[in-house]
Amino acid sequence: MKKLSFICMTVLAVFAMASCRGPMGPQGPQGPAGHDGNANVASSTVTVRSSDWEWVHNCQWMVTIDYPAINNNVYNYGAVLVYMDVDGAWSQVPLTYYYQDVTQAGETINCAASIEVATLNDGGVRLFWTESDFYDGARPGTHDFKIVAIEASVYSHRSDVDYSNYEAVKTAFQLAD
């Protein structure tokens, strides 16, 4: 019994000494103000390089983007929004993208592509790029995409937001670019 009491007293003494602290020093200066944000909304810009696209289904290009903020709650009850940078403005996907291309002969041609998105339930999105003529010519170029994942608890209470307009989403959810 004396041995058990000695062990208990030793353990208590070790915990008591480990929890002791010396005097606190002076408090440091105030740090810079951070951005207001929203813990229930995640937003990131992803650059998809031309080499990232893969030719699939013998008619379109595809790229998969991992995005861990897309969880079961977001996938089943929230919202996943994808926007593409088109001439400096964010346009919501799906969209028809009009652009000009230069052929090997140096001729400038007008082109159109359909960009579509599929949300993956394991945390990501898959983008599909289909040329209007289904021609498998050159890979799509490098493009920036913005992905916004909104938790259900927030999304279900914000029917006032124009989700097709990234600037409105950015303002409503206090997103930082």
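Trainee: To begin, what does the accessible surface of the protein come to, and what percentage of it belongs to carbon and sulfur atoms? After that, please take me to threonine 130 and tell me where its place is.

Mentor: Happy to. Before we start, this is a predicted model, in which local features need pLDDT of at least 70 and side-chain atom pairs count only at pLDDT 80 or more, while totals for chains, interfaces and linings use all residues. Residues are numbered from 1 along each chain as its sequence is written, and side-chain values use heavy atoms, with hydrogens and water left out.

The accessible surface is about 11700 Å², and 53% of that belongs to carbon and sulfur atoms (areas by the Shrake-Rupley method with a 1.4 Å probe; for residues, only the protein chains shown count as cover). Of the 177 residues, 30% are buried (under 20% relative accessible area; exposed is over 50%, partly exposed in between; 1.4 Å probe, protein chains only). The protein has four helices and nine strands (DSSP runs numbered from the N terminus: helices are H or I with at least four residues, strands are E with at least two).

Now to the sheet. Five strands form an open, antiparallel sheet in the order E2-E3-E8-E7-E6 (two strands pair if DSSP finds at least two bridges between them). Strand E2 (54–56) and strand E6 (95–102) are at its edges; each has a single partner strand, so one side of each lacks a neighbour in the sheet.

Glutamine 60 leads us to your residue. Threonine 130 lies in strand E8 (residues 124–131), and threonine 130 counts as buried because its relative accessibility is 9%. Its side chain makes a polar contact with the side chain of glutamine 60, at 2.8 Å (a pair of N or O atoms within 3.5 Å; within protein, one must be able to donate a hydrogen and the other to accept it, and residues adjacent in sequence count only if both atoms are side-chain atoms). Setting aside neighbours within four places in sequence, threonine 130 is in contact with Cys59, Gln60, Ala112, Ala113 and Ser114 (heavy atoms within 4.5 Å).

Cysteine 59 is partly exposed, because its relative accessibility is 23%. Cysteine 111, at 15%, is buried. The protein has zero disulfides (a pair of cysteine sulfur atoms within 2.5 Å).
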